[in-house]
Each structure stands twice: as structure tokens, then as C-alpha cells.
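Please keep the sequence and the coordinates in view while reading.

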Amino acid sequence: MDLLNTDQQLEGNTEFFRSLEPEFFASMHSIHFPLPDSGPLIEKVKRFHLLLTVKDKAMYIPSNLEARRRISFFATSLFMDMPKAPKVRNMLSFSVLTPHYMEEVKFSKKELHSSKEGVSISFYMQKIFPDEWENFLERMGSEKVDEFEDEVNEEDVRDWASFRGQTLSRTIRGMMYYRKALKLQAFLDMAEDDDILQNYEAIERADDTLSAQLDALVDMKFTHVVSCQIYGLQKSTGDPQAQDILDLMKRYPSLRVAYVEEKEEIGAGRPVYSSILLKAVNGFDQEIYRIKLPGPPGIGEGKPENQNHAIIFTRGEALQTIDMNQDNYLEEALKMRNLLQEFLRVRRRSPPTILGMREHIFTGSVSSLAWFMSYQETSFVTIGQRLLANPLKVRFHYGHPDLFDRIFHLTRGGISKASKTINLSEDVYAGFNTTLRRGFVTYHEYMQVGKGRDVGLNQISKFEAKVANGNSEQTLSRDIYRLGRRFDFFRMLSFYFTTVGFYFNSLISVIGVYVFLYGQLYLVLSGLQKALLLEAKVKNIKSLETALASQSFIQLGLLTGLPMVIEIGLERGFLNALKDFVLMQLQLAAVFFTFSYGTKSHYYGRTILHGGAKYRPTGRKVVVFHSSFTESYRLYSRSHFVKGFELLLLLIVYDLFRRSYQSSVAYVLITYAIWFMSLTWLFAPFLFNPSGFDWGKIVDDWKDWNKWIKQQGGIGIQQDKSWQSWWIEEQAHLLHSGITSRIIELLLSLRFFLYQYGLVYHLDISGHNKNFVVYVLSWIVIVVIFLILKTVNVGKQYLSANHHLAFRLFKAFLFLGVLATIVTLSLICHLSLRDLIVCCLAFLPTGWGLILVGQTLRPKIEGTGFWHFTRVFARAYDYGMGVVLFAPLAVLAWLPIISAFQTRFLFNEAFSRRLHIQPILAAKKKHRS
């Protein structure tokens with residue numbers, strides 16, 4: 001060994017390294033001593049000596065957290081139960097299918113260096129991945145961290161940033177690791193000892209027979225097809241994404257791209273559609289196959305139709321479906337041969353038809369929301385799916401990256417049902433179809449792929465709304481019905497509670513809150529609760545008040561985090577799990593999960609009642625930026641804000657009328673969870689909005705809000721530009737509702753009128769009169785208020801432009817008249833200030849109930865004055881709710897500590913990793929100034 005390390009070992013030590021004749025009975029391929037004079041062998045001996053003599057130190061552990069995680073998981077997975085890998089020539093062949101529509105292929109140069117938010121993607125990536133950026137500059141031979149543009153190729157920077165976003169190029173690079181791993185393993189299978197001594201890189205660079213054999217063998221075993229549905233249209237219109245896709249084909253020669261071509265043929269009378277498969281040849285795309293289609297393939301849901309037209313181009317016994325926000329790792333690709341052997345394992349009298357795999361969420365390292373979603377998703381794809389597969393036997397296909405038995409599914413309906421609306425969540429129907437046709441699904445944790453998730457609250461809410469819509473359609477589907485009829489009792493219950501039952505229970509829980517609160521309000525307003533409590537005090541019955549104050553203490557989103565704690569405890573220890581759980585609560589995880597609960601229940605219930613499920617694009621770009629108040633209001637107005645205000649009014653009225661006989665402690669015990677839920681639904685979007693309490697952003701949001709609320713809608717005007725366009729689109733689900741759904745909607749609206757009925761009899765001006773005339777008089781007051789508002793609106797249209805002074809005088813006289821009426825009633829009929837407050841609390845929900853009735857009866861009243869009045873009244877209500885929400889935000893924005901506190905809890909994970917969040921936010925402010 002000492003001789004190997006001398007400087008003159010190749011020149012002066014010919015005795016140690018010399019060419020020898022083999023002994024008489026020795027094998028031709030055996031190693032003889034002294035060693036032959038071979039450079040590659042010297043390098044291997046040196047490395048072996050290094051491994052035996054050098055001790056590991058802490059400094060040799062990778063500083064990058066992602067590198068540590070990957071090494072740790074790979075080393076751990078080698079001790080898991082996995083089949084023995086066959087040789088590459090004997091393994092099952094497989095294909096990877098990736099659907100792509102208009103998602104980002106690579107970040108463009110413009111996107112990389114400019115942004116309307118003031119922070120470029122390049123700047124953002126450098127701050128979020130500082131160590132990887134330094135390593136990149138070192139590889140590129142650049143020493144200047146800030147002035148790299150002149151020294152580093154722009155395409156290399158685009159690739160570096162794109163490989164850290166949720167782009168198609170990242171996905172393709174990850175999937176092509178399969179080919180690289182298989183070629184390496186095939187080399188080890190086929191190479192002779194002399195080839196191994198020459199090193200793998202030398203064989204790969206050389207144009208020899210072995211390299212050609214390896215390429216041919218790997219191409220027989222692996223195919224990657226990307227279904228870029230509109231690639232032909234992008235190419236014809238000069239879209240830069242088409243060139244990016246072509247660049248990917250040139251970089252990976254074995255990559256195949258499928259797309260749909262629409263072509264006008266002379267004499268055909270209609271367009272002719274074809275599925276085309278492409279490859280790159282000499283820098284251009286070349287057509288391999290063309291299959292004529294009977295018609296347009298996009299008649300169903302987009303993503304499953306995109307997969308269905310391209311599945312014919314896949315090959316092999318297995319098919320892996322990969323979404324374009326996923327990634328793969330070389331060390332994991334080495335285990336693909338082992339995983340494919342699972343198809344040959346006979347379990348339950350037949351081999352499995354779908355192999356489930358573990359996923360690692362790689363987007364959870366920056367914001368607290370991304371961290372919550374990462375843990376939630378991780379717990380589902382590990383401990384959740386482990387339980388579903390065994391012992392419950394009810395795991396299905398929950399999206400990518402499952403491996404399908406390709407022959408089984410192609411002969412039994414395919415992997416994607418694509419019927420419009422009903423198959424919105426197309427993934428799970430593949431699992432339903434497999435189970436109904438006597439296949440079964442397994443789950444294996446020794447192999448994983450990466451997956452990106454939504455990282456902003458708006459993106460997360462859109463995704464959860466889409467999933468809730470999909471589950472409501474599943475509830476109505478024949479697949480659920482057939483599975484429920486064929487399962488045994490215990491498997492049926494497991495199936496229910498792990499699919500649509502979760503969403504149905506969420507809906508029932510929210511409805512239970514309403515029933516509970518309206519029931520408490522009935523007890524208070526009717527006097528029944530007072531009588532019961534007084535009787536209980538007289539007879540010293542403690543249990544009655546306890547029963548009336550019974551409320552679950554576990555309503556703060558804590559149960560949602562329980563699977564995460566279990567999974568973290570199993571993988572990292574329960575002390576770490578407890579620390580993370582406490583940290584999550586300090587970062588308002590309970591607020592986030594309670595808000596998400598409202599999203600699920602709203603969209604599930606609305607779709608069950610009216611239908612209207614639709615795909616909601618979330619976008620997968622970098623999101624740590626501020627969302628405007630207008631955008632938040634559009635997204636959450638009907639799903640959260642309206643419900644939050646209703647619960648808040650009910651709580652205030654309940655508190656107002658119970659004070660005379662009930663203690664505050666009992667009130668808090670009864671209503672604390674509902675207070676938390678209502679305030680969460682009202683203000684969570686602003687708590688989790690970066691720079692939500694920045695005064696400059698508040699001012700800009702107020703201007704944008706006023707412009708949006710006043711802008712007239714019409715044909716071609718988008719929702720984000722006009723309140724009227726948004727309002728029409730928001731109730732589009734009511735246009736095609738059946739008569740039963742409309743009747744149920746009207747019956748639900750009656751709760752506001754019953755609420756008004758209970759309050760008007762507690763006015764001092766009514767003098768405890770229980771006659772029905774009091775309720776009729778309250779409606780007369782409401783009609784008078786409507787007429788006054790209508791008069792002001794008409795006067796604004798006809799007088800404000802040409803007779804401005806007359807209009808101002810008219811409003812002044814109207815105000816004085818209303819004020820005089822109130823004073824007169826207070827003197828004659830003893831109208832009190834409390835009566836005015838109660839009237840506001842009673843009449844505001846009544847007005848909203850009338851708006852709901854008008855929206856439900858739209859087909860009957862559209863085109864009449866009633867519909868115009870409904871729209872005007874709805875605009876007033878939305879403006880009022882917006883002002884009430886905006887006021888506390890503006891007050892808190894005056895306190896700098898609030899903004900600092902929000903940034904700290906929202907980006908705590910980034911602060912703990914010492915990432916540069918503050919420079920990102922500061923860069924935006926500098927850009928605006």
C-alpha cells in the first residue's frame with residue numbers, strides 16, 4: 001500500500017506492476033500478484049485502501065438536509081422486505097406515462113429574472129437553496145456569487161432553477177434516472193472483468209459493442225412517454241414551451257412525446273384528429289406512429305383523456321403513472337427491478353394488479369402551510385396507505401406514482417375513466433375498477449418518489465375544493481354502490497370511512513354545529529332554557545346545566561394532527577414528534593386545519609345538492625407572495641366568510657339574551673369551540689397571507705377592492721376584474737339544479753326568517769305582545785328599508801350626474817326623515833337603543849335570506865326588476881362584509897410587531913434553517929418603492 005502511494009509508482013516500480021503469464025491451472029480472469037500495470041486498477045486499490053484506513057468524521061456528513069434524508073432512507077430501505085432483483089434481461093419491462101397540458105416545462109429567461117411581485121424566481125431560488133446555489137457556481141467554475149450572469153451559461157441557470165420547481169423538466173430528469181440505473185445494472189450483469197477494470201464511464205464514452213448492447217437492452221425494458229396534449233398547437237403558434245419540450249427530447253434521446261393533432265382535410269367536411277408519437281432525430285422531432293382517432297379526444301375530463309389517447313404508445317408488462325409535479329432519485333431507481341418482481345408474487349390466490357409506492361413531499365421546507373401539508377400528505381402516503389392496504393384491504397389508486405399491471409388494465413377498461421364531471425377525481429376510479437374486476441392493490445414502502453404539493457393557502461384551498469367535489473361525485477357514482485354491495489360488512493365500513501365517509505362526516509359535523517347553535521338560540525328566545533335552569537337551581541340539579549353545556553373539547557383541529565404525530569414518532573422518535581406537534585400548534589396549525597375543514601364540508605355539500613363539480617387549476621409556481629384582499633374574498637366569501645358571519649351573529653344574539661340568568665363560565669364552555677371556528681373562517685386567509693399586515697399592501701388592497709366591487713360586468717370581463725362577473729359565476733351551480741335541490745335550498749333559507757321571528761318578539765317596543773301582527777310589522781319595516789335603498793339607487797342613476805346638488809339635498813332630507821322617525825318612535829312607543837341593535841341583528845340575516853331566495857328563483861325572476869334588485873342588494877352585502885373584514889386588518893397593520901410576528905410564525909421552518917425570507921420580502925418592498 002505504501003508503494004501504491006509513492007509518486008514514482010508508475011515509472012520506477014516495474015517489479016510491482018508488470019505483465020505476467022498466468023499459472024498453469026489458473027483462470028484467465030483471476031487476479032494475479034504482483035498486480036498488472038493498469039491505471040484503473042490502481043485507482044480502485046487506492047480507493048479500497050482509503051476506505052479501510054480513513055476514519056469517518058462529522059465533517060464528512062453532508063451539510064445538505066435533502067442529501068442526508070435521501071442517504072438515510074436508501075440505507076434503511078435496504079433492510080426492508082423486498083424481492084430479489086433479477087438480471088436486467090430477465091426483469092419485467094415497464095413504461096412511465098406522464099400527462100402534460102399547459103404546465104411549466106422550464107422557467108423562461110423572463111420568468112427567471114423578473115416578476116410582477118418584485119422578486120424573480122432566480123433570486124428566490126438562490127435564497128431558498130443557498131448551499132445548492134454555491135455548489136452550482138462551483139461546478140460552473142464561477143467564484144462570484146452575485147455577479148454570475150457573465151460567467152454562467154443562461155441555459156444552465158434555467159435548468160438549475162427548473163430542477164427545483166414543480167416543472168416538467170424536473171419530472172423527466174427524475175424518470176430518466178430509471179434508464180440510467182438500468183444501464184448501470186445491465187453493465188454489471190453483462191460486463192467481463194476486463195470491462196469492469198476499464199471503468200463504467202470509459203465504456204459509456206467509447207463507441208463499442210458493449211455500450212450499444214446496453215442501450216438496446218435498456219430501451220427494450222424501459223419507455224417514458226410524455227403526453228403533451230397540445231404540443232402540436234404550441235409548435236404551430238411558436239409557443240416557447242414547444243421548443244423546451246424539443247430540447248428535452250434532444251437531451252434524452254429515448255424520451256417519447258405523444259400529442260393530439262387536429263387537421264382539416266379537403267373533402268372530409270370536419271377536422272380529422274390523430275394521436276402522434278414523436279422522438280428527436282438530428283435536432284428535430286420525428287414522427288414514429290400516427291393513429292387516427294374517431295373524433296375529438298377532449299370530450300371528457302382533460303387529464304384522463306390525455307392519458308387515454310397516449311396509453312397505446314406505452315409498452316411492457318407494467319405501467320407507472322407519474323404526474324408532472326413529481327421527481328425521482330437515482331438511488332431509488334436502482335430498486336425498480338425489485339419492485340417489479342412484486343407482480344410475480346402470488347398473494348390472495350393471484351398476483352397484485354396495482355403496486356402502491358411511498359411519496360416524499362419535497363415542498364415542505366419553507367412556509368408553515370407547506371410544512372403542514374407536507375406532514376399531512378406524508379402521514380397519508382405512509383401510515384394511512386399502509387393501514388388501508390393491510391389489514392383493511394381497501395387501498396385504491398390515489399394518484400401517482402402507482403405501478404399498474406398494464407395487460408390486466410388494458411383488457412379491463414384502462415387506467416383512467418374520463419366521463420365529464422362524474423370522474424373528476426379520475427385516479428381513484430382505477431382502484432375501484434381493479435377491485436370490482438377481482439384485482440387487488442398492495443403497498444410497498446421500500447421505494448419512494450418525490451412529489452410537490454401546493455404551498456399557498458389559496459392553492460391548498462383550490463386543491464381541497466377539487467377533491468371534495470370529486471368525492472361528492474363519487475358518492476353518486478355506481479362504482480361506490482357496487483363496491484358497497486359486494487364487500488363484507490367490516491370491509492364495507494372500512495371502505496366507507498376511508499373514502500366518501502370522511503367528507504360526509506365533515507358535512508354532518510358542520511351541520512351539527514348549526515343545529516346545536518340554532519337549538520340553543522331557540523331555548524334562549526323561547527324562555528325554555530331559563531325555566532329549566534331556574535328549576536334546576538331550585539331543586540339543586542347539577543346535571544341539567546352540565547348537559548346543556550356539554551361540548552366536545554376536541555374541536556380545535558387537534559385530531560387532524562394525530563396521524564402526523566404517529567408517523568413522525570415511528571420514523572424519528574416520539575420525542576421529536578411531540579416537539580413538532582407543539583411547534584405546529586404554535587404556528588396555528590389548529591387554525592389551518594379548522595379552516596380546511598370548512599372548505600371540505602362546503603364544496604362537498606354544495607356539489608351533493610346542486611352538482612357543478614369542476615376542475616380547479618391551482619398552479620404550481622413559487623408561492624410565498626402576498627394575495628390581494630379581492631382574491632381572498634372571491635375564493636372564500638361563500639365557503640367561509642358568510643358562514644362565519646352567520647355563526648358570529650348567532651353567538652352575539654345568544655350572549656345578548658342569556659345574560660340575565662346564565663353565568664359567563666357556562667356560556668364560554670358551551671360556545672368556545674364555535675367562537676374559534678367562526679373567527680378562523682373569517683380571518684385565517686389573512687393570517688396565512690404573507691405581508692397580510694403590511695400597511696403598503698393594505699392600502700393597495702383597499703384601492704383594488706373598491707375598483708373591483710364597483711366595476712360593471714359583462715361579456716368577456718373576468719371574475720378578477722368585476723364583482724358582477726364573479727357573482728354570476730359564483731351561482732352558476734344553481735342554473736342546472738333540479739326542482740328538489742331548489743326546494744331544499746329554499747327550505748334552508750327559511751332559517752333566517754325563523755331567526756327574525758324569534759327576535760322581533762323580544763323588542764321593548766313590542767311590549768311583550770305575542771300577536772302575529774308584530775311579525776307582520778317587522779316585514780313592513782324591512783320593505784320600507786328596501787324601498788329607501790331602491791330610491792337612493794334610482795336617484796344615484798338619474799340625479800348624481802346632472803343634478804348633483806339636488807341629489808345631495810335629497811339624501812340629506814331622507815336621512816333627516818329616518819332620524820325623525822326613530823326619535824318619534826323612541827318617545828311615543830319606547831323604542832330603545834337595545835331595540836335598534838336587535839333590529840340590526842334580526843334584519844341583516846333576513847336580507848341575506850331574501851338574496852338566497854332570489855338566487856334560487858333566478859330562472860323565474862331573471863329579466864325582471866326583482867332580479868336587478870337582488871343583484872344591487874347582493875353587491876351592498878358583499879361590500880359591507882368586505883369592510884367589516886378589512887377594518888381589523890387595517891387597525892393591526894398600524895402595529896409593526898403584528899407584521900413581524902406573522903412573518904415569524906408563517907416562515908418559522910425557513911428561519912430555523914436560516915433561509916433568507918426577510919430579503920425576499922424586503923426585495924418586494926424595494927421594488928414597489
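Contact here means heavy atoms within 4.5 Å. Of the contacts in the chain with a separation of 6 or more, 77% are accounted for by residues 24 or more positions apart. This is a predicted model, in which local features need pLDDT of at least 70 and side-chain atom pairs count only at pLDDT 80 or more, while totals for chains, interfaces and linings use all residues. Residues are numbered from 1 along each chain as its sequence is written, and side-chain values use heavy atoms, with hydrogens and water left out.

The secondary structure comes to 41 helices and 10 strands. Helices (H or I, at least four residues) and strands (E, at least two) are DSSP runs, numbered from the N terminus. Of the 929 residues in the chain, 50% are buried. Buried means under 20% relative accessible area, exposed over 50%, and partly exposed in between, with a 1.4 Å probe and protein chains only.

Strand β10 (residues 441–451) holds Y446, a residue that is buried, with a relative accessible area of 2%. Leaving aside neighbours within four places in sequence, Y446 is in contact with F73, S77, M80, D81, M82, P83, E332, K335, N338, L339 and E342. Among these, E332 lies 114 residues from Y446 in sequence, and the two are 8.8 Å apart in space, C-alpha to C-alpha. With E342, the side chain of Y446 makes a polar contact to the side chain at 2.9 Å. A polar contact is a pair of N or O atoms within 3.5 Å; within protein, one must be able to donate a hydrogen and the other to accept it, and residues adjacent in sequence count only if both atoms are side-chain atoms.

E331 belongs to helix α15 (residues 330–333). E331 is buried, at a relative accessible area of 15%. Not counting residues up to four places away in sequence, E331 touches R70 and F74; the side chains of E331 and R70 are joined by a polar contact of 2.8 Å.

Because 10 of its 11 residues are buried, α19 is largely enclosed by the rest of the structure. The buried residues of α19 are E426, D427, V428, Y429, A430, G431, F432, N433, T434 and T435. R438 follows α19 and, at 78% relative accessibility, counts as exposed.

The backbone of R438 also deserves attention. Most residues other than glycine have a negative phi, and most peptide bonds are trans. R438 has a positive phi of about 70° although it is not a glycine. S691, in the loop between α30 (664–687) and α31 (695–710), likewise has a positive phi, near 60°. At 7% relative accessibility, however, S691 counts as buried. The peptide bond from N390 to P391 is cis, with omega near 15°, and P391 is placed in the loop between α17 (368–389) and β9 (403–405).

Two further helices can be compared with their expected span, which is 1.5 Å times one less than the number of residues. Helix α33 (residues 739–760) has 22 residues and should span 32 Å, in agreement with the 32 Å between its end C-alpha atoms. Its buried residues include S741, R742, E745, S749, F752 and F753. Helix α35 (residues 804–828) has 25 residues and reaches 36 Å from its first C-alpha to its last, close to the expected 36 Å. After α35 comes H830, whose phi is positive, near 60°.

How do helices α32 and α38 pack, and at what angle? Helix α32 (residues 723–730) and helix α38 (residues 865–893) meet at about 110°, with their axes 11 Å apart. Axes are lines fitted to C-alpha atoms, for helices over the stretch in contact, and angles run from 0 to 180 degrees between N-to-C directions. The two helices are therefore roughly perpendicular to each other, a term for angles of 65 to 115 degrees; under 35 counts as roughly parallel, over 145 as roughly antiparallel and the rest as oblique. W723, Q724, W726, W727 and I728 of α32 make the contact with W867, T870, R871, A874, R875 and D878 of α38.

I861 is found in helix α37 (residues 858–861) and is buried, with a relative accessible area of 16%.
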